[in-house]
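Here is a friendly briefing to read beside the structure. Please keep the viewer open as you go through the points.

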Amino acid sequence: MFTDFLPLLAVFLVVLLLLGYPLGLFMARVADAGAVPGMRWLARGEALFYRAAGEGSTAAQGWKAYALALVAFNAVGALAVYLLQRVQGWLPLNPANLPNVGADSSFNTAVSFVANTNWQGYSGEQTMSILTQMLALAGQNFFPAATGIAVAFALIRGFASRSSKSIGNFWVDLTRSTLYILLPLSLVWAVFFASQGVVQNFSGQVEAQVLDPTSYTLPDGGAARATIQVIPMGPVASQEAIKLLGTNGGGYFNANSAHPFENPNALTNFVQTVGIFLIPAGLCFSFGRMVGDMRQGWAVLATMSILFVAAATLAYAAEQQANPVLAALGVDASGGNMEGKETRFGIAASSLFAAVTTAASCGAVNAMHDSFMPLGGMVPMVLMQLGEGIDFIGDVRKWSAVPIIVLSARTMESEKIRALDAGADDYLAKPFGTGELLARVRATLRRQRQPAERGDGSVRFGAVSVHPHERTVTRDGKHVHLTPTEYRLLAVLAGNAGRVMTNPQLLRAVWGPGHAESGHYLRIYMGHLRHKLEEDPAQPRHLLTETGVGYRLWLGQ
């Protein structure tokens, strides 16, 4: 069953590793802002950019200055893409005489491409002129990708440095990512694609004699016969290269990588899948080199690879199944579900491509995902949703209580609250040492193992016992009077013993949704509980404060 898929998957992973490892080390050199081996001749062009930008353009930036530069640059890019579409009918390189794009579609496309979403609400070959495709869309395939690499560099520097006062310079990272990484790789990929038959010219269209002429009826009732097919052309190979390497996905043609002028054969299809994953895989090794521990880079890559292999294998297994609807109609579907797939790729290459493009959040497709079998279609949907860590924590908490500790360079209180509210058990912000991390892991595991509830449903910490069924609390066997609000607060903490409960969580659970910002309530009532239940209220051992986040009930001694 897997005889054609497993060898393809194995070769894909091997080629990706052989190319991704040296690329990752190379990108780490690019991030260092020093001379790049083998590309010193490009340094002159880089220096010209900085000279034109003016004095101070390469100065170190904090996160606020870095973020502001990022937003400003991409806002200008979005505006340029919008304006170019609005006037394309009056500009050159428009052999098909396509009109100006409407305001709504232009705005949609500009925002989509600047955000690296590359959602296309239009048919490329029937809407965009060659100039718009080449200058606006291909350009925006480069710049958001370079922005993504720049942000990755800044994030890694945040992990690697002991001070977060500077995370680099956005303009330097953007320039070097484009000049040393994206442009050379795109040139290699574009030349290869062109050698394999991917179109690369300025011709508006070509006419081809059809093999099977078709007769059809005109709106006025007359008859006509189609003997010639008009096929659009253009600089496809160059846009195809960056579309994949930048994990953009916006195709030159409406059919995207299913179109033979974008993806003509099995070899180009394989190279396209490698191109989508190449830079993300390389960044894992860049991370390891920049933080000074390659084991961390290997660990990140291994984790992502396990998830990817499982998803791709599931997609292939699902698509190998015959569609029961076709079987009921008497159609031979023993070869699997070929609906919406190109015969030149088959099920194996189509399933692999679907898993790759959605895992990388790339919009390129060589098959129609809505034609996949239910389980096969589930794989792209799940992979597209494995996005931000906060969302991932929430998804995991829907089906599992597995311990989750968040390690992050984000130190803001709001970020900690978001993660803990989503279901994380602990939050460790940089900088931290290995010893502290291991201690927190051990503490989390102890909390998972400790019996929060006793056989009678009670919860005990120190000399205190909470009896939910009777709604009573005892200390050293003696009844402790708690007000209804004090008891509700204690019950919420006891029901989540060992876990950090954020201030908003506790306020909503005890006082209701309208009091999520009333933090002073908690301070008052936690003080009451400590005076009634702790041996030393000034130095509590069980009702603990998590500074800036919330509170935790610790059951241990």
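**Around Ser 350**

Leaving aside residues up to four places away in sequence, Ser 350 touches Lys 341, Phe 345, Asn 366, Ala 367 and Phe 372, where contact means heavy atoms within 4.5 Å. This is a predicted model, in which local features need pLDDT of at least 70, side-chain atom pairs count only at pLDDT 80 or more, and totals for chains, interfaces and linings use all residues. Residues are numbered from 1 along each chain as its sequence is written, and side-chain values use heavy atoms, with hydrogens and water left out.

**The serine in its helix**

- Ser 350 sits in helix α12, which covers residues 346–359; helices are DSSP runs of H or I with at least four residues, strands are E runs of at least two, and both are numbered from the N terminus.
- Ser 350 counts as buried because its relative accessibility is 0%, buried being under 20% relative accessible area with a 1.4 Å probe and protein chains only.
- At 2.6 Å, the side chain of Ser 350 reaches the backbone oxygen of Gly 346.

**The chain as a whole**

- The protein chain contains 19 helices and 11 strands.
- Its C-alpha atoms fill a box of roughly 95 × 70 × 50 Å along the principal axes.
- Of the 557 residues in the protein chain, 46% are buried.
- Among contacts in the protein chain with a separation of 6 or more, 65% come from residues 24 or more positions apart.

Key. Buried < 20%, exposed > 50% of the residue type's maximum accessible area, 1.4 Å probe, protein only. Polar contact = N/O pair within 3.5 Å; in protein donor to acceptor, adjacent residues only side chain to side chain.
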